[in-house]
Amino acid sequence: MMYLKLFLIFFLFFTGSVKANEVEIIEIHKNKSLDQLVLESSTTSESNELNDVYISEESSDDTSSDIENSTAEDSNNENNDLENDDIKLENSEVVDILKSENLFDINEKIINTHFASISNIKSRTLNREFIKILSNPQLDSENITNDKIYFIIKKLYEIGEIGNAYKLIKNIDSSSITNKEHLAYFKLIELNYLFSTFKLTEVCELKTLLLDQSIMLPKYLLEKTDIFCLTLENKFAEAKLLNSLLLENESDIDKNFQDLFNYMIIENNTEAFKALSSINSKELVFLYSAMLRINELPLYEDFISIDPLNLTIPVILSESTQINIRIKAANKAFIDEVISIDSLSALYQSVDFNSKDFNKPDQTISSLNNDELIMAFYYQLANIQIFPDERLNVILDYWKFAKNSGLEFIAYAITKNIIETFTPTIENSKYGMEIAIAHISNKNYVEASKWIDLSESSNTSKDQIDYARFLIALNDTDDLTNIINYLSNNGQKINSINNQNTLETMQILKNFLNIKEESNLTVSYDNITDNRLMPSYFLINDIKNNMKEQNDLSLFLLGLISMNNKNWQELHPEHLTLVLNSYNNYDQGLLIKPIILEILSAIEIF
């Protein structure tokens with residue numbers, strides 16, 4: 001069933017996140033600009049505590065608006081379940097162990113040696129937890145060291161969490177940092193954070209301070225920032241002089257910077273700006289984006305791929321950027337919980353379609369050359385429909401297109417208010433299951449149940465109805481009962497799967513969940529060897545020891561290291577067993593339910 005995959009994707013996007021602003025049809029925002037809506041966005045998750053500040057490109061002063069972010073709650077590490085451990089401890093002893101552990105208490109080797117190997121966390125659940133851990137270290141720990149601080153901040157910056165890295169830097173005493181390379185790295189992050197949030201006055205103030213301290217930054221970033229700040233002050237002669245010195249010293253000329261600088265110093269420039277060449281330096285991309293924005297030049301799709309968490313907002317707010325690129329950035333930002341659905345709908349509504357386009361919708365859709373514009377057109381088309389039946393037909397077509405484009409999660413969210421106006425009736429009962437799934441995706445379980453009940457009077461199969469009720473039941477409790485019951489009741493269907501790796505993964509899940517097999521079940525297999533790699537003996541042994549010793553954070557990080565750059569379906573069955581047992585011990589098994597849902601989604605058994 002395709003619905004499970006859809007729901008699991010939705011569930012994993014929002015498990016553990018704060019509630020987003022409710023969707024409102026665009027007309028209520030007619031007195032607010034897109035900039036205001038984006039800047040006021042408060043849709044964040046525990047994995048994305050940006051606390052960034054952006055300013056509208058309509059002005060060049062420092063009037064700014066805070067993007068309010070919900071602070072991630074500290075994980076509750078009390079009363080960890082010890083059922084699978086050899087050591088039996090009283091609850092009070094467990095509490096003392098977990099309370100005493102801090103990120104800075106972790107073995108120095110784990111942080112200094114292995115942090116660098118954590119480069120691509122493919123599990124959304126584990127990535128979110130990793131960011132939460134990194135972003136909330138106890139800076140008053142007795143075991144705090146400058147090296148540990150450096151590696152933690154460095155990892156945050158490398159995985160795109162520049163806002164959290166900046167916040168951590170501002171909370172430490174820079175005078176205590178004796179390593180000049182570490183200090184320079186922290187200043188690089190501070191400068192790039194200010195560039196990413198377009199706080200240009202603070203950029204130039206920090207630049208002056210760093211020059212006074214003789215701080216050296218890579219790629220001549222500090223010198224280029226000095227030149228940029230001089231152009232903002234209209235000190236062109238001095239800027240040209242410093243740029244000539246830069247050209248003498250820079251062995252590999254930065255053509256992108258030179259093109260942007262030359263564009264800035266030409267008064268009344270009427271020439272079209274040539275697109276930047278390949279951008280492959282993260283150290284300079286934030287400077288480039290600020291220079292493009294201040295000159296009202298378009299940003300490129302490259303910016304989204306280089307740093308999607310921090311550069312989607314500049315792309316969204318750039319009116320000179322192609323609208324399809326802005327929408328793509330907004331879709332990405334919404335999925336990453338950086339902006340709210342209100343902001344996304346405002347951008348969709350801002351696309352310029354006319355009455356002729358709406359009079360011939362099929363022709364218009366055929367003429368549009370990308371999915372982003374079609375998504376926006378469908379949304380506007382649905383909003384202008386007067387009669388409920390016509391609106392429902394447009395919504396159904398919208399969802400069908402979105403599913404084919406992999407954007408159904410967004411289509412459900414953005415049409416939330418519209419579908420709440422639909423009344424379950426016998427006439428539209430044949431669409432009941434589709435509308436129910438949309439309501440489930442939007443966490444509107446009361447309305448979803450009404451449409452499921454209605455579907456029972458139509459030709460909808462019992463399997464589909466039972467499945468939809470299962471999706472709702474998943475949210476009733478945080479335990480695994482509903483998952484266990486569903487997998488148990490569909491055992492025959494699962495066992496008929498023709499993929500050995502998938503069957504092996506399912507067998508590991510059944511064993512973990514204590515799902516009993518039928519006595520007459522026989523398992524055949526085609527492959528007697530397995531090319532899925534296992535972690536090293538020492539890493540496996542270290543994970544097992546930390547499970548016994550209830551070292552929560554060490555256990556989490558070691559498990560993460562063992563899974564780096566691997567999807568769930570790529571894990572060897574014995575490795576998967578080890579990981580499941582590890583995270584069942586971590587933080588009272590808080591992550592187990594979303595992890596199992598991720599695995600079910602990854603192996604596509606439905």
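Predicted model: local features only at pLDDT ≥ 70, side-chain atom pairs only at ≥ 80, totals over all residues.
Residues are numbered from 1 along each chain as its sequence is written, and side-chain values use heavy atoms, with hydrogens and water left out.

**View 1. The whole chain.** Expect 33 helices and two strands here (DSSP runs numbered from the N terminus: H or I of at least four residues for helices, E of at least two for strands). Of the 606 residues, 55% are buried (buried is under 20% relative accessible area, exposed over 50%, partly exposed in between, with a 1.4 Å probe and protein chains only).

**View 2. Helices H30 and H31 side by side.** H30 spans residues 537–549 and H31 residues 552–562; their axes come within 9 Å and cross at roughly 155° (axes are lines fitted to C-alpha atoms over the stretch in contact, with angles from 0 to 180 degrees between N-to-C directions). That makes the pair roughly antiparallel (the label for angles over 145 degrees). On the H30 side, Leu539, Asp542, Ile543, Asn546 and Met547 meet H31 residues including Leu555, Leu558 and Ile561 (contact means heavy atoms within 4.5 Å). By class, this contact has six nonpolar, four polar and one charged residues (Ala, Val, Leu, Ile, Met, Phe, Trp, Tyr, Cys and Pro are nonpolar; Asp, Glu, Lys and Arg charged; the others, Gly among them, polar).

View 3. Lys510 sits in helix H29, residues 500–512. Its relative accessibility is 3%, so Lys510 counts as buried. Leaving aside residues up to four places away in sequence, Lys510 touches Ile494, Asn495, Ile515 and Glu517.

**View 4. Helix H17, mostly covered.** H17 runs over residues 341–350, and eight of its ten residues are buried. Among them are Asp342, Ser343 and Ser345, along with Leu344, Leu347 and Tyr348.

**View 5. Two loop residues with positive phi.** Glu296 has phi near 55° without being a glycine, and lies in the loop between H13 and H14. Glu296 is exposed, at 54% relative accessible area. Asn514, also not a glycine, has a positive phi of about 60° and belongs to the loop between H29 and H30. Asn514 is exposed too, at 58%.

Conventions. Parallel < 35°, antiparallel > 145°, perpendicular 65-115°, else oblique.
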